[in-house]
Amino acid sequence: KHQALARSVSSRPCCAMADDWDPFADPADVAAAVAQEPVSGSGSLGAGAERRQLDDIFAALDELDKPKVPSSEGPTSTTSELISELFEADDADESALRAAFEPVVAAFAEDWKVNFMLWQRALSLLMDKDERAKRPHLFGLLVDQQCGLFEHPSLGRSMNEVATDVPADGSSDGLVIFLLGWGGGIVRDLDDSVAAYQETYPAATIVRVACNMKASFGMRCACAYGIIAATRAWAAAAAAFALAPPRLLVHLFSNSGFMTWTEMLQSWEVLSSCKEPHGALAGRLPPMADVLRGVVLDSSCNFDVAVDACMQSAVQSMAGFIYQVGASDHDGSEATKKAADLKGRKAKLLLLAADSPVKAHLATKPTELLTEQSNADAAIVHRMEPPVAMQFIYSRDDTIISSTGIEDYIAGVLARPNRTGLEPPISLVFEHSVHVFHKVKHREAYWQTVREFASSVLAA
């Protein structure tokens with residue numbers, strides 16, 4: 001079912017998480033925000049922030065339209081040498097250390113396996129305080145890179161995981177559903193959402209997008225992927241059913257999913273205003289207002305995230321990856337697999353602990369840097385999102401995206417001029433739940449609410 005409609009520029013391994021692991025937090029993403037006056041209840045976007053060129057979406061489409069090149073077998077011996085040189089660098093010489101780190105980061109930007117290989121070597125710095133004491137600056141650089149704090153022109157250019165689930169018989173009725181995932185998640189984390197929607201809408205085309213760095217080229221490539229998939233589904237529906245209208249339903253998770261939606265709205269506006277469609281599209285892209293039927297916001301959004309929640313979000317996003325690094329260190333035998341799994345679990349627990357060395361490092365960073373990375377750019381969505389039905393799902397005890405933050409955003413939605421006279425958004429609020437895992441913890445109530453919402457907006 002996971003048929004790629006365009007090649008992935010670069011993607012992480014789609015590997016299963018441990019049974020007791022919930023990858024439920026947004027990563028810290030470095031990005032420039034839009035310099036724009038916020039509407040009531042929207043939050044500030046930051047003075048003096050620069051906006052990337054909107055026509056970057058054309059570069060993203062061009063990237064996806066390139067002939068697919070077979071992936072390499074893995075990092076080369078040259079990459080291994082670069083990592084060795086990094087670990088041999090004088091930790092006290094920060095300039096030399098950074099100079100040794102930059103080519104490793106550039107290699108990682110081209111191949112995600114390099115980061116996996118890097119952390120296999122660096123896991124001892126996390127788990128052994130004596131080793132970490134010998135290389136505190138190297139450990140800090142590694143954490144900065146993993147949490148999106150290390151500035152490098154190559155970072156953010158690779159696209160994360162994407163997948164498209166098409167109808168079993170290959171037909172399409174014109175309904176496209178975007179599932180926009182949370183930080184630290186992978187497309188498989190949305191398997192249950194795909195199954196739930198397919199049960200009710202078997203002829204729908206469902207596009208899944210894992211989170212990317214905020215406002216990055218990789219995120220624009222993911223948006224381009226979704227737009228390509230939508231135009232192909234609508235072209236197929238028009239050919240089979242002349243009267244099938246193009247319809248779009250969006251279901252997003254946490255601030256990372258909201259960031260993808262923010263980028264999608266901007267990219268969509270640029271492409272839908274073109275006189276001629278880009279060659280990668282299967283037809284002219286209709287205006288968003290003509291196709292969008294509704295938006296489901298799960299644990300989203302907050303434009304003023306507390307710094308403690310930002311740090312917790314960063315370490316939780318990192319923990320799933322670190323577990324996989326530790327759990328992969330085996331030779332294939334059952335004994336070494338068991339030992340590696342235990343190693344991965346220990347590393348994860350250490351990362352999440354109250355005295356986590358990663359948390360301690362993040363605590364040294366400027367508050368403004370940490371919060372801007374995690375905050376939603378709500379003003380853009382307030383301005384660009386068509387006035388459609390909205391379903392919010394969140395909990396009172398969410399420690400990542402607070403209920404008060406979400407309700408502040410809802411207040412901003414109600415203040416939008418284009419929603420005058422419309423019904424207010426609907427909310428399903430749980431007293432106790434788990435961030436972005438309401439769909440698991442409260443499965444029956446969650447999917448009943450989503451089904452009723454989708455049925456009402458799609459029927460209209």
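## D165 and R208

The side chains of D165 and R208 make a polar contact at 3.0 Å. A polar contact is a pair of N or O atoms within 3.5 Å; within protein, one must be able to donate a hydrogen and the other to accept it, and residues adjacent in sequence count only if both atoms are side-chain atoms. D165 lies in strand β1, residues 162–165. D165 is buried, at 2% relative accessible area. Buried means under 20% relative accessible area (1.4 Å probe, protein chains only).

## Basis of the model

This model is predicted: local features need pLDDT of at least 70, side-chain atom pairs count only at pLDDT 80 or more, and totals for chains, interfaces and linings use all residues. Residues are numbered from 1 along each chain as its sequence is written, and side-chain values use heavy atoms, with hydrogens and water left out.

## Helices α1 and α9

Helix α1 spans residues 56–65 and helix α9 residues 254–272. Their axes, lines fitted to C-alpha atoms over the stretch in contact, come within 9 Å and cross at roughly 90°. That makes α1 roughly perpendicular to α9 (65 to 115 degrees).

I57, F58 and L61 in α1 meet S267, V270 and L271 in α9. Contact means heavy atoms within 4.5 Å. The residues of this contact divide into five nonpolar, one polar and no charged.

## Whole protein

The protein has 18 helices and seven strands, taken as DSSP runs (helices H or I, at least four residues; strands E, at least two). Of its 460 residues, 55% are buried. Among contacts between residues at least 6 apart in sequence, 83% join residues at least 24 apart.

Conventions:
Buried means under 20% relative accessible area, exposed over 50%, partly exposed in between (1.4 Å probe, protein chains only). Axes are lines fitted to C-alpha atoms, for helices over the stretch in contact, and angles run from 0 to 180 degrees between N-to-C directions. Angles under 35 degrees count as roughly parallel, over 145 as roughly antiparallel, 65 to 115 as roughly perpendicular and the rest as oblique. Ala, Val, Leu, Ile, Met, Phe, Trp, Tyr, Cys and Pro count as nonpolar, Asp, Glu, Lys and Arg as charged, and the others, Gly among them, as polar.
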